[in-house]
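Please keep the sequence and the coordinates at hand while reading.

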Amino acid sequence: QIFNQHNAEAPNLEQAFHRMAQMEPNLDHDVSWFLLPSYWAKMVVALISFLCFANSYDGDFVFDDSEAIINNKDLRAETPLGDLWYHDFWGSKLSSNTSHKSYRPLTVLTFRINYLFAGGFYPVGFHVINIILHCTISVLMVDVFSILLGGLQFSNKGRRLNLAPKSSLLAALLFAVHPVHTECVAGIVGRADLLCALFFLLSFLGYCKAFRENKEGHTFSVFWVLVSVILGAIAMLCKEQGITILGLNAVFDALVINKINLLELIWKLLYKDKSLENAGLLRKGLLFRITLLMCGGAGILYIRWRIMGTGPPAFTEVDNPASFADSLLVRAINYNYYYSLNAWLLLCPWWLCFDWSMGCIPLIKSISDWRIIALAALWFCLIGLICQALCSEDSHKRRILTLGLGFLIIPFLPASNLFFRVGFVIAERVIYLPSIGYCILFTYGFSLLSKQAKKKKILAVAVLGILLINVMRCALRSSQWRSEEQLFRSALSVCPLNAKVHYNVGKNLADKGNQSAAIKYYREAVRLNPKYVHAMNNLGNILKERNELHEAEELLSLAVQIQPDFAAAWMNLGIVQNSLRRYEEAEQSYWTAIKHRKKYPDCYYNLGRLYADLNRHIDALNAWRNATVLKPEHSLAWNNMIILLDNTGNLAQAEAVGREALELIPNDHSLMFSLANVLGKSQKYKESEALFLKAIKANPNAASYHGNLAVLYHRWGNLDLAKKHYEVSLKLDPMAPGTKENYNLLRRKLEQLQKKGG
């Protein structure tokens with residue numbers, strides 16, 4: 001509703017506006033809820049939203065955080081800022097065929113700022129920003145819901161009036177405490193959804209400001225419409241869903257500003273009614289504003305398409321099985337089933353999971369599947385709501401239901417598989433924005449029940465109970481997101497058929513050294529998904545370390561048979577074949593791995609070890625040199641070069657390589673130790689001693705460091721110091737090879753010297 005008043009001298013004008021607003025049904029009239037001043041309402045929403053997720057502030061980096069943050073080179077200072085605009089969310093080039101095409105440079109920029117301010121990968125700062133963002137968004141929701149539920153109206157001073165303070169507070173609280181938001185808030189990669197939502201709401205509020213009458217008496221401001229488009233573009237640069245705000249602004253303009261009756265408009269369009277302009281479509285300014293929104297949206301999408309460079313991302317069948325179904329009917333049925341599950345998560349967010357792929361939700365392949373009931377229930381409810389939104393004689397009801405459905409459906413469209421294949425089955429994070437529509441519909445339903453209920457206080461207590469349960473569920477779910485172990489284990493009861501859940505539990509156990517338990521979960525992951533090559537690779541690795549080489553070879557061979565370009569599996573297969581002394585096959589496996597991943601320093605390192613075992617020293621040195629070129633901090637490759645050159649008598653070359661390595665990795669004590677050995681053999685005792693002492697200072701419990709320093713002193717003639725370090729070495733490792741013999745030789749020599757002195 002827009003009311004313009006030119007008489008600045010009229011008394012009690014604001015009260016007059018309220019009286020005019022009461023001519024239409026007021027949602028607050030029927031809502032039995034708390035009435036708070038705007039400032040206090042926002043404080044309450046901010047506090048409760050903070051309490052829901054506060055316990056996630058000191059959580060770890062979990063799940064996708066590793067790839068998007070820890071392994072993302074775009075966060076580091078050495079990466080030029082300009083690269084962010086040509087890379088995807090995970091740090092890969094958008095032009096690459098392996099890119100996910102998720103273009104979110106502004107989100108990555110905030111991660112980079114977090115990293116620089118924290119001085120490294122410390123998750124607390126990342127989590128705190130996420131919590132602050134959710135609190136800010138929840139506070140903004142008070143204003144947004146006051147417009148969506150109460151209409152848009154300004155006083156003569158240009159201040160927007162809140163015509164639904166109770167309803168907007170309830171809806172904002174429902175949004176703030178919804179447990180499905182936990183992934184966005186407690187998971188750091190959820191920053192993309194939070195930033196997108198922030199600018200999404202600012203775009204909407206900016207669009208609303210366009211209808212505040214200015215001093216010149218214009219009924220709308222082109223400036224604020226353009227600001228809204230720009231904010232929508234910023235939202236899209238945070239996450240793709242942001243672009244949908246432009247469509248919602250157009251819907252809001254038609255329904256609230258121009259009060260268009262959609263059913264009447266459709267009817268007149270079908271019958272080409274000459275009075276079409278009376279339906280509001282051609283009302284002054286509407287077409288112009290919608291043209292601005294459409295042009296802005298088209299321009300934004302065109303620029304994004306040009307930056308992407310190539311086609312859509314390539315996903316696998318395990319990411320989104322329904323999208324790979326041959327039958328159009330099977331695809332349609334399963335997509336609609338996914339929609340019903342998303343709706344259920346909004347209604348009853350009790351069963352939450354970090355990942356819903358890999359068999360978590362088996363495909364519906366027949367109409368006799370009982371889950372078809374969920375589709376029927378979803379469309380029964382949607383059709384009922386749509387009919388009411390279109391056909392109701394109550395304009396207030398039509399407006400709220402249409403806006404509720406619009407905010408529920410339109411932001412969800414990019415994740416719906418309708419326009420392009422997405423890389424997930426269900427993702428709780430994509431429901432963050434659609435939950436706005438759910439909160440509108442819930443609040444409107446509550447107002448209808450309140451209107452009919454005789455004991456309104458009981459109904460209010462029930463809603464308070466729902467809010468309290470949601471707060472507790474948020475706190476519980478936030479605690480599960482604090483560590484990968486808790487997060488992955490929480491999913492076992494929700495998605496026991498999800499191979500990825502078992503894989504992640506196994507990987508977490510393996511990282512902690514519990515290989516026996518990890519094997520159990522990896523085997524279950526392979527059982528659930530016999531083509532799960534990553535589980536086969538990790539299981540093969542553990543079996544290799546446990547010297548169960550034949551089963552490891554079977555698993556790794558199957559993995560590369562299923563996915564011939566799986567470079568890591570080829571390398572691990574080569575390691576197993578090397579251990580089985582099948583050197584030619586191992587060499588072939590290593591080169592196949594390098595063929596599929598050109599820059600693979602670890603594979604060159606293992607290839608060098610193979611050549612060293614075969615006494616092909618030049619080939620070994622070349623392989624290790626390739627490893628250090630690709631990864632200058634590859635300590636093992638540098639060390640092996642120094643040791644091989646030392647063992648073959650090339651002391652000068654070994655010294656040169658050692659010095660080169662230490663310039664690149666100055667604090668690596670193993671390199672200090674290797675170079676010290678070379679310098680000792682070259683009779684550069686003083687420099688060798690300094691390096692040995694520096695290595696011992698960095699790693700004082702290494703028996704070999706003390707033993708070799710003792711040998712140096714022994715050669716040098718510093719027998720007392722040699723005796724001291726031999727004893728330290730034997731104390732640390734009584735079975736140290738050669739140390740006991742050298743120590744006994746030294747003792748006999750000292751005894752002889754004492755006899756001569758006596």
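F154 counts as buried because its relative accessibility is 8%, where buried stands for under 20% relative accessible area, exposed for over 50% and partly exposed for what lies in between, with a 1.4 Å probe and protein chains only. The residue sits in the loop between α6 (123-150) and α7 (165-176), the elements being DSSP runs numbered from the N terminus, with helices (H or I) of at least four residues and strands (E) of at least two. From the C-alpha atom of F154 to that of K209, 55 residues away along the chain, the separation is 9.6 Å.

## Basis of the values

This is a predicted model, in which local features need pLDDT of at least 70 and side-chain atom pairs count only at pLDDT 80 or more, while totals for chains, interfaces and linings use all residues. Residues are numbered from 1 along each chain as its sequence is written, and side-chain values use heavy atoms, with hydrogens and water left out.

## Cysteines

How many disulfides does a search of the whole structure find? The search gives one, a disulfide being a pair of cysteine sulfur atoms within 2.5 Å. It joins C360 to C495, with an S to S distance of 1.8 Å, and the link of C360 and C495 is left-handed, at -40 degrees about the S-S bond. The pair connects distant parts of the chain, 135 residues apart, since C360 lies in the loop between α14 (328-347) and α15 (372-391) and C495 in the loop between α19 (484-494) and α20 (499-511). Both C360 and C495 are buried.

C135 is also buried, with a relative accessible area of 12%, but its sulfur is too far for a bond because the closest cysteine sulfur, in C52, is 8.9 Å away. C295, by contrast, counts as exposed because its relative accessibility is 52%.

## The chain as a whole

The secondary structure comes to 34 helices and zero strands, and the C-alpha atoms fill a box of roughly 120 × 60 × 50 Å, taken along the principal axes. Of the 758 residues, 53% count as buried. Among contacts (heavy atoms within 4.5 Å) between residues at least 6 apart in sequence, 66% join residues at least 24 apart.

The accessible surface, computed by the Shrake-Rupley method with a 1.4 Å probe, comes to about 36,200 Å², and 60% of this belongs to carbon and sulfur atoms.
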